[in-house]
Amino acid sequence: MSDTEQLPATAVAAAPEQLTEPRRRPAWLQNPAAKYSLLVVWAAMAAYFWFAVPGGLFHTTGTFRSIFGSMQAMVLVFLAMSAVITLVVGEFDLSIASVMGISATTAAVLGGLHDVNPVLACLAAIGVGALAGAANAFFVVVMGVSSFVVTLGMGTVWMGVAEMVSHNNYVSMSSPGLKSFATTSVLGMPVAFYYGVGLALVLAYLLAWTPLGRSMIFIGANPEVARLAGVRVAPIRFGAYVAGGVLAAFAGILIVASVGSFDNSTSSSYLLPALAAVFLGTAVIQPGMFNPLGTLVAIYFLQTGILGLQLLGYDTWIQNVFYGLGLVVAVTLAKVVRDRAKGA
Amino acid sequence: MPTPRLEARHASKTYGAARVLDDATLVVQPGEIHALIGQNGCGKSTLVKILTGYHAPDAGMELAVDGKALSLPVQWRAAQAAGVSVVHQDLGLVDHLSVSENIGIGGFKRTHVSRRIDWRAQDRVARETLGRLGLDIDPHAPAGDLPASHRAGVAIARALRDAVPGEGLVILDEATRALPREELARSHEVLRRIVAPGTSVLMVSHNLEEVLALADRVTVLRDGRVVGQGLDTAGLTEADLARLMLGSTVDAVVRSPAVRPEASAAAEVVGVRIDGHDPLDLTVAEGEVVGITGLPGTGFEQLPYLLGGARRGAGSVVTSRARVDLARATVPQCLDAGIALVPERRITDGLAVELSVRDNLALPTMRRRGRPWLVRRGWQDRLAARAITGLGIRSRGPGALVRELSGGNQQKVLFAKWLSVEPSLLVLHEPTQAVDVGARADLLRTVGETAAAGAGVLLVSTEPTDLVETCDRILVLHPGRPPRELRTSDPDDVLEAIYGVPTTAPSTVDTETGALHV
């Protein structure tokens with residue numbers, strides 16, 4: 001933290017029209033109430049669990065690892081980033097979980113049942129993800145069909161295909177090399193945790209600092225403005241779907257690698273948490289915008305809440321309730337704070 | 001003098017520092033067609049929105065219908081009960097539902113016992129109301145299948161549904177806009193039938209031809225003030241109304257022509273085809289500002305989008321940087337050739353309002369100034385700072401969202417965005433639309449400076465004062481005629497050239513245009 005002046009929220013709220021600003025605070029310090037409120041709630045929640053969970057179970061390194069390094073969290077990071085890419089360009093992709101499923105099934109079936117080299121199996125899985133993304137893009141971008149309809153339909157198709165290929169069974173694939181690719185411990189955390197953080201950082205950089213990223217944001221904000229400014233709108237939208245498919249495939253590979261098997265029937269349970277995290281992420285860091293770092297924070301926020309509640313003795317149903325409530329309440333709060341800061 | 005049907009006095013509306021409506025008065029008499037006109041942003045839609053209860057007026061307004069005061073802000077149910085109804089611009093018809101349903105919505109007739117909709121009674125109401133308008137339309141036909149004039153009739157019938165003949169006021173909020181010109185005579189008859197028993201019509205419009213043809217009296221708004229109240233249309237011409245709407249050249253932006261005789265061409269436009277017009281050839285010299293105007297709706301409005309590569313067309317443009325074939329041109333190609341397009345609709349085509357001023361300004365130059373892996377902030381900040389001081393953009397700073405800015409400041413951002421690409425041909429479409437007088441002066445001054453710096457400027461506009469104040473020459477385009485070139489400083493000359501020609505049918509060439517108003 002720097003020693004820049006820390007202004008109370010009220011000073012931020014009063015922002016009259018000024019021609020010149022005396023001294024601008026850096027961007028990340030402007031309007032802190034709207035940007036970091038979720039972080040404060042997160043801290044408060046963690047503090048509560050710290051004292052409320054009996055037997056000091058919450059303050060163990062095991063807890064820390066299950067929040068930040070659980071397989072579920074890592075898979076969610078990749079899946080949520082996949083959703084971010086399409087949402088940023090103003091598209092919706094409801095097929096990400098199914099694409100993850102078909103990719104994971106591809107890898108597991110090829111590597112486990114047919115003894116294909118694990119690297120090749122994973123490449124095939126990525127290829128399937130890219131193909132699924134391209135199929136979505138074809139219907140949405142080229143044919144101009146609503147992205148809601150297309151991705152819902154294609155998602156269902158992939159789910160069915162995955163059932164067919166796996167005969168609706170667990171497919172195991174034991175490959176020590178692949179397992180270490182995901183679970184090798186680095187500084188106490190599985191290496192895949194760093195992949196997720198790295199991915200979020202790269203994506204955040206792409207969106208903030210490259211022409212491609214800026215163009216994507218403009219396409220999402222107003223495609224006609226982007227087109228009249230010379231941005232090639234259609235290829236970028238197409239590419240966003242393909243990239244989203246590839247990231248979903250990575251999520252699938254992570255499951256196969258860390259668990260050593262894949263159960264296709266679980267894939268759809270990842271969709272809502274991933275989307276919830278993305279929308280919850282619009283309440284942090286860059287309020288009102290889909291942003292990778294905010295999404296990352298949101299995922300860990302949700303994981304913390306669920307783990308804490310489970311340690312308090314709640315059953316697994318609390319997971320869905322918390323995902324849902326957390327999303328609605330946090331986004332509402334962020335909107336209220338943001339409207340207040342604008343000073344009406 | 002009878003009691004006015006509607007009497008609104010001291011109507012004002014202030015947003016922050018901007019007063020968009022200033023002590024306006026509107027008096028509509030029983031049985032008359034009253035027109036409310038003015039440019040975009042003059043306050044006429046604000047006034048209508050106050051009357052329909054969408055906006056709350058500033059304190060001090062008085063409003064009475066048939067002499068009975070209405071409480072403010074207007075409660076729409078109370079206004080309806082007093083007999084006020086409104087037909088919106090888009091008519092609000094649901095295409096796949098029947099005429100009868102479209103008329104009945106919001107007040108269906110119901111049976112006594114089961115309280116379901118009594119379709120037979122509903123059809124009767126529909127037929128009856130349409131009959132009052134002299135329209136014979138099958139109540140069972142889907143609204144989407146009707147011709148334009150009948151659609152407007154159905155929307156009016158809905159508004160009149162509950163009115164006692166001879167009472168009430170129908171507000172047509174630009175609702176006649178949907179009518180083709182050849183339907184003008186027809187709609188005239190419909191409106192006459194409404195007002196004959198004593199009902200009043202308030203039509204909001206910006207089409208002067210239509211106003212003169214249909215209305216008895218007219219109230220003119222300019223910059224939020226009433227500049228002509230209840231004028232009798234009998235003694236008025238379109239040029240008179242235009243002059244009232246636009247005002248005298250109070251804030252005249254005097255620009256001394258900057259074209260040197262030996263100046264080379266900034267852009268040569270060859271054989272550009274606009275629908276209904278002959279191919280257009282045009283050379284814009286460096287430092288020259290050329291105005292393009294014509295009758296609204298006749299197609300000359302397409303020119304900016306053709307030249308900018310936003311719409312495909314025939315013809316080509318040659319600039320000092322490149323030659324662009326408009327049949328195959330894309331926006332990036334036109335940009336590379338140095339053609340920058342400032343579109344008319346700044347919210348939908350011009351700016352991403354949810355993003356910051358800086359981001360919007362930087363967009364067109366991003367690929368040129370940024371590297372594929374990094375767009376630095378430094379030049380974006382400098383660009384934004386230069387634009388903000390150069391054009392006098394009032395905002396919280398470069399990080400302010402465009403949405404937070406006033407219309408005039410948004411327009412300045414749009415200008416600065418395209419000036420930043422340093423175009424050889426700057427194409428402007430209605431650049432001063434819905435901006436205040438001060439911003440207008442800043443914008444037009446910038447046009448002059450851009451030309452003085454060596455660019456060619458094409459100003460496509462329907463504002464005669466803008467044209468005469470900034471342009472070296474003005475081309476008036478009429479379908480099927482050679483363009484007429486004017487060099488004048490008198491807005492009346494331009495109006496005369498636009499409206500003084502016997503009008504032929506607008507862009508769609510229609511052979512059935514017998515009855516036309518000259």
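**The interface and beyond**

Modeller: Happy to! Chain A and chain B bury about 2,800 Å² between them, with 60% of it on carbon and sulfur atoms. Buried area here is the accessible area (1.4 Å probe) that two parts lose on being put together, summed over both.

Colleague: Which residues in chain A lose the most area to chain B?

Modeller: Those are Trp209(A), Phe218(A) and Leu228(A), together 23% of what that side buries.

Colleague: Before I go on, what should I know about the model and its numbering?

Modeller: The model is predicted: local features need pLDDT of at least 70, side-chain atom pairs count only at pLDDT 80 or more, and totals for chains, interfaces and linings use all residues. Residues are numbered from 1 along each chain as its sequence is written, chains are lettered from A and ligands numbered from 1 in the order in which they are written, and side-chain values use heavy atoms, with hydrogens and water left out.

Colleague: Thanks. How many residues are in contact on each side?

Modeller: 28 residues of chain A are in contact with 37 residues of chain B. Contact means heavy atoms within 4.5 Å.

Colleague: And how many salt bridges across the interface?

Modeller: The rule finds one, taking a side-chain nitrogen of Lys or Arg within 4 Å of a carboxyl oxygen of Asp or Glu. Arg214(A) and Asp359(B) form a salt bridge through their side chains, at 2.6 Å, N to O.

Colleague: Which helices of chain A supply the side that touches chain B?

Modeller: Helix H9 (191-209), helix H10 (211-221) and helix H11 (223-228) of chain A each supply at least two residues. Helices (H or I, at least four residues) and strands (E, at least two) are DSSP runs, numbered from the N terminus.

Colleague: Let's take H10(A). How many of its residues are buried?

Modeller: Eight of the eleven residues of H10(A) are buried, so it counts as mostly covered, given that buried means under 20% relative accessible area, exposed over 50% and partly exposed in between (1.4 Å probe, protein chains only). Among them are Arg214(A), Met216(A) and Phe218(A).

Colleague: What do they pack against?

Modeller: Within chain A, the buried residues of H10(A) pack against helix H4 (71-88), H9, H11 and helix H12 (233-259). From chain B, helix H12 (357-362) and helix H13 (366-369) take part.

Colleague: Switching to chain B, how many helices and strands does it have?

Modeller: Chain B has 18 helices and 20 strands. Of its 518 residues, 56% are buried.

Colleague: I spotted Lys412(B). Is Lys412(B) buried or exposed?

Modeller: Buried, with a relative accessible area of 5%. Lys412(B) sits in helix H15 (residues 407-419) of chain B.

Colleague: Which side chain does Lys412(B) meet in a polar contact?

Modeller: That of Asp442(B), at 2.8 Å. A polar contact is a pair of N or O atoms within 3.5 Å; within protein, one must be able to donate a hydrogen and the other to accept it, and residues adjacent in sequence count only if both atoms are side-chain atoms. Leaving out residues up to four places away in sequence, Lys412(B) touches Leu391(B), Gly392(B), Ile393(B), Ala439(B), Asp442(B) and Leu443(B).

Colleague: Last one: where is Leu275(A)?

Modeller: In helix H13 (residues 271-281) of chain A. Leu275(A) is buried at 9% relative accessible area, and it touches Ala83(A), Phe92(A) and Leu94(A), not counting residues up to four places away in sequence.
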